[in-house]
Amino acid sequence: MDELEPPRPTFRMWRRTFGRSMKRTFLRPQMVAFLPAIMLGGYWYGGQGVLMIIALTFPLILVLGGLFEAELPPVDSLTGLLTRDALREEIEDALLAARAEAEATVVIVMEIDGGSNLETRLGIPAMEAVLCRTADRAIGAVRGGDKIAKLGRYRYGILVGPARNAGMDMALRTVERIQNATADPISIDAASVYVTLSAGFCLERRALRRTGEALIEAAEAALAEARVPGNGAVRAYSREMRAHAEMRSSIAADFERALEEGEILPWFQPQVSMETGDVSGMEALARWQHPARGLIPPVDFLPAAEAGGHMERLGEVMVFHALSALRRWDREGMHIPNMGVNFSSAELRNPRLVERIKWELDRFDLDPSRLTVEVLETVVSETCNDTITSNISGLADLGCSIDLDDFGTGAASISNIRRFAVSRIKIDRSFITRLDEDPSQEKMVAAILSLAEKLDVDTVAEGVETVAELQLLNRLGCGHAQGYAFARPMPIDEAGTWLQSFSARQIQPSSAASA
């Protein structure tokens, strides 16, 4: 492992360390216990002059130690937590103390998931109440000597240590305690608000430099990685994360411009009916064709879009281009029954969503049934938001189909499937992979299809890649399939060419092997 750069004491750090040393040396309990004996000895051997010196020395040591050490750190005006600058100085003090005692420190950075969307929904006063309550719960979850700071609007920093056992286990335990403490609903205006926090942390020995700012930046890089898989994730810092963090920072700064200049557009992947072999629909998937970096995958830019509060604007762009593609293919004589578009939580929180979608459909003169609203199962299973519920129901009443996406990865109950008027469930690709080789996978898919049949809900299998998987899905009674077995996501021109050359006879279920 590379040699770490040792901490460099600043004047402020030296002053605080000197003050603490004076107080530890002269004001420790042993010294205080011997104070009467010292005074008596001074009287017997030196008279009143020595007594005077001793009487003045100890208060002077106390005052000097306090002057050198005591300095109230700056705090956040809303939560009362330390500021970023204050936390950085606390970390540097802890690094020096840890070095002297052969101990170590850990820095954790945690952020409220979807904070900007939550603030948009609740409003600033209510969000500030959530931030204060979350800070109070976090304070109650850490050890007495740990420090907590507010690093950003929705971001907190925690200094753990110095301690001899300050390592991976201690960091994970601290994160778990804070996540558990902040998981209970927060009551705001008679409504319950649920908060989750993602976390990144850096062990002292893994940082590029042993400084306060370096440890905070490293923990923030780990947090950026944690935000990719979803809410409540935790990641530890590694040296490779720095390059990823720099790339994401650049992407985030460039995202809004890319939206407005048309660099982010839908690519289309067909869905095929297992009964007829015809194309039964298309799904619009966001892709970013960057002029310098080339094609940027969604896993890299969607977290930046969410963190920057751009998901609703991204959704508007996707709906416009998806409906435009349907209209174009209609004019070219290629009828696509419906177009699936993913709707994020941010979009579904917009009270005017149904009105906007109706306007877009009228604009392109399309029947609402040709727009399929795809909603993640996690959104359906976790939401207690009245606006989201109302919007999904409103879109269903408008005539749009509702697809429950990534089914099997969340915890959507049967009642939720009914409550949200779900017309089709999309079986997550994790259940389809090696379906023909793994009996347990086959049993799981069979159970999902049986449930869907009993609920009178249609089905789509995602991520179908092989002919063998297609054949088995057909035997199990799956309604539709989507995946590389038919085509990868394609730009609109390539998708049009694919549609023109596609022959339903080639993928009839009875001859799926020729697909």
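**Exercise 1.** Is Cys202 buried or exposed?

*Solution.* The model is predicted. Start with the cut-off: a residue counts as buried under 20% relative accessible area. Cys202 has 0% relative accessibility, so Cys202 counts as buried.

**Exercise 2.** Classify Cys132 by accessibility, then state how many disulfides the structure holds.

*Solution.* Partly exposed covers the range between the buried limit of 20% and the exposed limit of 50%. The relative accessibility of Cys132 is 21%, so Cys132 counts as partly exposed. As for disulfides, the structure holds zero.

**Exercise 3.** Describe how helix α5 packs against helix α6.

*Solution.* Step one is the geometry. Helix α5 spans residues 124-141 and helix α6 spans residues 168-181; their axes lie 8 Å apart, at an angle of about 140 degrees. Step two is the class of the angle. Roughly antiparallel requires an angle over 145 degrees, and roughly perpendicular covers 65 to 115. The two helices, α5 and α6, are therefore oblique to each other. Step three is the handedness: the crossing of α5 past α6 is right-handed.

**Exercise 4.** List the buried residues of helix α9, and say what backbone angle Gly309 takes.

*Solution.* In α9, residues 298-307, the buried residues are Asp300, Phe301, Pro303, Ala304 and Ala305.

Key: Residues numbered from 1 in each chain as written. Predicted model: local features only at pLDDT ≥ 70, side-chain atom pairs only at ≥ 80, totals over all residues. Heavy atoms only, no water. Axes fitted to C-alpha atoms, helices over the stretch in contact; angles between N-to-C directions. Helix = DSSP H or I, 4+ residues; strand = E, 2+ residues; numbered from the N terminus. Parallel < 35°, antiparallel > 145°, perpendicular 65-115°, else oblique. Left-handed = near helix turned anticlockwise from the far one by under 90°. Disulfide = S-S within 2.5 Å. Buried < 20%, exposed > 50% of the residue type's maximum accessible area, 1.4 Å probe, protein only.
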